[in-house]
Amino acid sequence: MKDIKELECASEIYNYYGAKPEGEILNREIKKEATPRAEKERQMYFDTKSSASVEFPYWYTRRWEELEGEVQIIRRAEALKSGFEHLTPSVLPGELLAMRKANYLRGSYPMPWMSEGFFLLKEDDLFKEVQNAAKASADEVTTMGQGGGNVTKSIGNIISIAGKFGLRKEEMPILIRVAKKWFNKSVDDIGHKYEQFVPGYDTKEEIMRAVICMFDSGYTLPQGREVINYYYPLQFGIEGIKDICKEKQAKCAGVPGMDRLYFYKAVHTMLEGLQTWILNYAKEAKFMASLECVAEQKDEYLEMAERLEWLSKNKPRTFHDALQMLWIFHVAVLNEDPISGLSPGRIGQVLYPYWKHDIEKGILTKEKTIELLECMRMKFTELDCFASMGVVGGVLSGNTFNNLCVGGLNKEGDSAANELESLIIESAMSCNVPQPTLSMLYDEKLPEEFLMKGVECTKIGTGYPAWVNNRVAMEFLLNTFGKEGMAPEEARAWAIGGCLETSPGSWMPLEVNGKTYFIPGGSAPATSVGVHFISLPKVLEAVLYDGMDKRTGRRVYPAHSLKLESYNDLWKIFKHYFSITVEVLTLTNNIQHDIWGKISPSIINSMLKPDCLEVGKDISNKGCRYNRTFNVEICGGVNLVNSLASIKKNIFDDKNFTLNELKAAIDANFGYLSALETGSYSLIEQVKTANFMDWLKIHKLCLDAPKYGNDDKYVDDLFKEWQIWFSKMCENYISLYGEPLYSCLISVSTHAPMGAVTLATPDGRLCGTTFADGSVSAYPGSDKNGPYALFNSATCYDHSLSQNSQLNMKIHPSVVSGREGSRKFLEMIKAYLRKGAFHAQFNVVDSRMLKDAQKNPENYRGLMVRVAGFTQYWVELGKQIQDEVIARTEYEQLG
Amino acid sequence: MNHFDCKYYLNTDVFKGICKRDKIVINADDAACSNFENAQKCKHCSNYSSVQTDLGTCMNKYDAYPEMLAITCNDYKQR
């Protein structure tokens, strides 16, 4: 170890992990142009703020109140129908695809039937009750992006909600009035009442207060992280589905198992609402045409109106029709619940029959295809999810996670890649907006040129496609859903739901122009519902402090009262506290989702998902083909393991210092100000206190302890032990649907707010700074032995044990330049996946550009970065995440 | 009257929108032009009764608010 005096002088102690980016910025390599139409839409998007309206919740609530006493699912369907029928249509000049969530370009709305406390006035007694229930803890420690489309402050006639959404002030009184109608009636309030029957409920409340768990999935985002299925509207059209409902109703009326009757009636009712919604848009398109002088634009409005009128009843005739139909149902599902991560899935394979037919008949060109696909990208990018600050900022970073997958295998086991998918990638390069993000379902059978196309897209800095291992996913799916009858052929129909949730699918027989095509689509409910997200460093902190949360001074877990005299003692208590957490959260989340299914069941998404329509059951009644979808998500795993390695080596192996000395150093934040004081959330830029020298030795020893990501067996063995134990222990807990839970290894954006509430950790990380992202990403700056050492560490355990693993890497643009750079890049990705890795994604960007963008955001409105399973505009990210992305290790060579 | 109240005003966000006639970007709260026509809103409906600022009733039984767009409402009756 260096002499203390030498250390004191060494400025690099500040920058122990990562260096401040300096010097000239190197830009990304390729810049493709969007079509003029899409570029115009993109510029309009850039100038548009996230906006909320009250229209849908108003009409939903009004109808709901009228039907008191009605069968619940019928009441829900009628309320949804009324909401859709009364949405004001909005058709913008130049649009080729119609329909949006609300009557703003980035429109969304509150759904108080799910949770209403957030909208009550702060001075209101009802609001105080909500606060006392520890529901807003995550909100308090979240930073929102200050730029882009976020309405961060109230101004003039506009009220800012959650630091993101603008609401016109004349709508606030009615929003509060509507919210109050749901007090003690919302899913949140009723669920909360019954959660309290769970033994250990008080511990759950303390876990939430301490932000050891980020949020209640049943009250916030009850659906999503799944793959939609567009089969039924494409195959039957809306009238066709209504006919199915009528036939089924006749068969089950009066027959035991009557819930089927109500389900079919609910679907039928809801579809009537969608038909009116679609026709209202057609009418508006005609009105716009009536005001239009330019013949071409007038024709486009009239074509749009004709297409919508056709699709309000019938199945699609063309590629354009089919794309419009997909979009209608995508938005329809998003309007029934707060949802993030409703992935379109493998739509290049779903739409291929229409596209091939139109190309062969000469009614569509590749150029027109690109334009339509770019317009689709703008539509997905417009999507906002209305939620509290903790959810929309702390978890989602303003993203909605619509993952479009390409590649993979078809039903027969051959490459599923096709020419339309190549155009999808092309359009994602030319119209490089965040949504939908892309995932390449990598399989050795995919053509080399297709993979090269993917690499060309990744390296221009879009952050997509993410690279995902098809075989590892299939292994996980067969292990998880085999008991429910999944065969290898069906495992091939999978896709990513949300940012990185492996989701089961099925092959459905779509008939187009006399031929049958088996198309893939989602066949399971939301994944990533259950226990979300558990902060592992925060659990370790509780172990060190005898079950207390030092930040709030409150007891979270029962005191263990041990001196922790061996590493095994500590590890045993960690597992005990973690198990307490999973147990109580599983039980309370089961209640949340049960209440959701009883009060606010999914009707639209249920109708779409095989085999709900066949068996007459909605999602919450296990109508889906596969139902083992509840999981346990964690955050900060690498910081946990690095901390365990530091404790094991420094305290128990080498006896460099005692546990009490370590705790004293943690209490003193190793002699630094906390990130919450400095407003800087990575280790690159932190500020010493006057007593810095008192803690320097211990801090240096903590920093020098073995770190994950360097192919170091000492720490990698701990990582492996944790992963195996975690994956197995999840199976001890049973979901609402009677199936064991499984492990899920993603962090989304939670590593920021969860880091914000966590003291310094034994790995040398400082108080309030952000954790390592993902699950197998190294802590920023700590991976010093090159990418292949990182790959060895990351694959030290079997990735098919869990739903996913997540590796983020930052690569300097110079490393992958030219065709040769692309080849080297692809070979590196292949090498990682061939080791049995599940996933890798890349930021190809010069860190100096990110630093400059932080200082001068006005120059970087279009700059996108990959965070953790999603791409987002830099200016719409909170500073916690921005700092973490800047600090990530920047690889300047691939070998 | 402001653009926000006009039949030809098309919201893009809470601050601004596009004139459906001229296709220009306009601020919601700026004064309207000579082509102004009332948008179909609850405040212009004979079923609407004002109770207090920004709140009222519809058909004397439902809560309502004056600025709500009502072009999709089958019960709308121009005052």
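**View 1. Chain B is built from six strands and zero helices.** Strands here are DSSP runs of E with at least two residues, helices are runs of H or I with at least four, and both are numbered from the N terminus. Along the sequence the chain B pattern reads β-β-β-β-β-β. The C-alpha trace of chain B spans about 40 × 20 × 20 Å along its principal axes. Of the 79 residues in chain B, 35% are buried (20 or more other C-beta atoms within 10 Å of the residue's own, with C-beta atoms placed from the backbone). This is a predicted model, where local features need pLDDT of at least 70 and side-chain atom pairs need 80 or more, while totals for chains, interfaces and linings use all residues. Residues are numbered from 1 along each chain as its sequence is written, with chains lettered from A and ligands numbered from 1 in the order written.

**View 2. Chain A meets chain B with 30 residues against 21 from chain B.** Contact means C-beta atoms, placed from the backbone, within 7 Å.

**View 3. Helix H19 of chain A covers residues 419–430.** Buried residues of H19(A) include A:Leu420, A:Ile424 and A:Ala428. Down the axis of H19(A), the buried residues fall within an arc of 160° (directions from the helix axis to the C-beta atoms), so they line one face of the helix. Their cover includes H16 (352–361) and H20 (448–462) of chain A.

Conventions. Two residues are in contact if their C-beta atoms, placed from the backbone, lie within 7 Å. The expected span of a helix is 1.5 Å times one less than its number of residues. A residue is buried if 20 or more other C-beta atoms lie within 10 Å of its own, exposed if 12 or fewer, and partly exposed in between; C-beta atoms are placed from the backbone.
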